[in-house]
Amino acid sequence: MTTQTQTLRAGKNQVTFKSFGVDLVGDLYLPDDFDPNKNYKTLVGASPFPQVRGQIPATYGPEMAARGFIYLGFDYLGMGDSPALPGEYKKSRYMFRLIENTWDAVSYLGTLPFVEEIYGLGVCQGGSIIASAAVTDHRIKKIVTVSGMMAADAFQWGDRDIADQTIAAANASKQKMYETGEADYTWPIVLNDTMTREEFNALGIPMSDDTYNYYGKDGVAGHGKVENFTAEHIGDQPMQSLISIAEHYADKITQPTMVIYGTSAATAICSTNFIDRLKNNSDVRAFDEFSHVDFYWKPEAVKASCDAAAEFFKQ
């Protein structure tokens, strides 16, 4: 075993693994009765945009470890404690790199001698990341998506005028950064670290109140409450974050798949359209009582999703 492996203990362990030649930082959650001589079903976690590992991974990691699984949550390239590439900027989550980061996370888990099988568990944008990664990574044996944003999000569940404004601003930001060589964190029509609930609701964005409950300055996991988290992100981000491609590859996914979502959520269509396109062995858990963001943090919603995922992964 490597030195890093030898120091692993039950509970949360900070680890690093290589992706794009740099060290990504993650938290590896191990069951309370962890024994390095035994084998464990292991989950690679994927979080919502714009999260760092102190948010969904810090909620789902302990929950899945308590159910007997190993769980890896990590900061993607350029996020949290993970560096950007040389010459690039922090606070960016570019969709195609998130997929490759996930492949490298799977490779890292494959080096651990106590890992039996590797599964994927993605929430919100993480659902699309996991599903997209699984299309050509059959080391991932099963996947679960929770409130999955499985398609080109703003085009499907949001307002097209807002999407076009966001794209125009992102295009301008990319041009500005190319010409100046400096980071541009100007991203309109999005929650920032200082907005009040009323200011954010006034933007007319779907599920704004639900979003503010979690990410707002008065929310449960907003700026200042989670280490390294900020709603501020690189200005050209929407050019990739609006491309969530999993829905369009759904019929190519061969692994058993579970889709968990709230029927009343504004984003329910992102799950139902994905479900309609699946041709594999799939399971659906639809909850009338939970919203999109409820699955991020509300104890009863997290319990429901983690119980369902654990049951599915143990089959």
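Which ring does the charged end of lysine 91 sit over? The answer is in the first view below.

This is a predicted model, in which local features need pLDDT of at least 70, side-chain atom pairs count only at pLDDT 80 or more, and totals for chains, interfaces and linings use all residues. Residues are numbered from 1 along each chain as its sequence is written, and side-chain values use heavy atoms, with hydrogens and water left out.

**View 1. Lysine charges over aromatic rings.** The charged end of lysine 91 sits over the ring of tyrosine 185, 4.8 Å from the ring centre. Lysine 142 places its charged end over the ring of phenylalanine 312, at 5.4 Å from the centre. A charge sits over a ring if NZ of Lys or CZ of Arg is within 6 Å of the ring centre and within 35 degrees of the ring normal.

**View 2. Serine 128 in helix 4.** Serine 128 belongs to helix 4, residues 125-136. Helices (H or I, at least four residues) and strands (E, at least two) are DSSP runs, numbered from the N terminus. Serine 128 is buried, at a relative accessible area of 0%. Buried means under 20% relative accessible area, exposed over 50%, and partly exposed in between (1.4 Å probe, protein chains only). A polar atom of the serine 128 side chain lies 3.5 Å from the backbone nitrogen of alanine 246. Not counting residues up to four places away in sequence, serine 128 touches Met95, Met149, Met150, Ser244, Ile245 and Ala246. Contact means heavy atoms within 4.5 Å.

**View 3. One side of helix 2.** In helix 2 (residues 56-66), the buried residues are Ile56, Pro57, Tyr60, Gly61, Met64 and Ala65. They cover an arc of only 130° around the axis, so they lie on the same side of helix 2. The arc is that of the directions from the helix axis to the C-beta atoms. Glycine 68 follows helix 2 and has a positive phi, near 100°.

**View 4. Aromatic pairs.** The count comes to 17 aromatic pairs. Rings of Phe, Tyr and Trp (its six-membered ring) pair if their centres lie within 6.5 Å; planes under 30 degrees apart count as stacked, over 60 as edge-to-face and the rest as tilted. Phenylalanine 17 and tyrosine 108 are stacked, because their ring centres are 5.6 Å apart and their planes are at 15°. This pair links distant parts of the chain, with phenylalanine 17 in strand 1 (residues 11-19) and tyrosine 108 in helix 3, 91 residues apart. Both phenylalanine 17 and tyrosine 108 are buried. Phenylalanine 287 and phenylalanine 290 form a tilted pair, 5.7 Å centre to centre with 45° between the planes. Phenylalanine 287 is buried at a relative accessible area of 17%, and phenylalanine 290 is buried at 7%. Ring pairs also link Phe17, Phe74, Tyr76 and Tyr108 into a cluster.

View 5. The whole structure holds 0 disulfides. A disulfide is a pair of cysteine sulfur atoms within 2.5 Å. For cysteine 270, the nearest cysteine sulfur is that of cysteine 124, 8.6 Å away. Cysteine 270 is buried, with a relative accessible area of 0%. For cysteine 306, the nearest cysteine sulfur is again that of cysteine 124, at 16 Å. Cysteine 306 also counts as buried, at 0% relative accessibility.

View 6. Leucine 278 lies in the loop between helix 10 (268-277) and strand 8 (282-287). Its relative accessible area is 11%, so leucine 278 is buried. Leaving aside neighbours within four places in sequence, leucine 278 is in contact with Ala250, Ile253, Thr257 and Val259. The C-alpha atoms of leucine 278 and threonine 257 are separated by 8.7 Å, and the two residues are 21 residues apart along the chain.

**View 7. Backbone features in loops.** Phenylalanine 49 and proline 50 are joined by a cis peptide bond, with omega about 5°. Proline 50 lies in the loop between strand 3 and helix 2. Methionine 207 has a positive phi, near 50°. Methionine 207 is in the loop between helix 7 (197-201) and helix 8 (208-215), and is partly exposed at 21% relative accessibility. Asparagine 228 has a positive phi as well, near 70°. Asparagine 228 lies in the loop between helix 8 and helix 9 (238-241), and is partly exposed with a relative accessible area of 39%.

Notes
A polar contact is a pair of N or O atoms within 3.5 Å; within protein, one must be able to donate a hydrogen and the other to accept it, and residues adjacent in sequence count only if both atoms are side-chain atoms.
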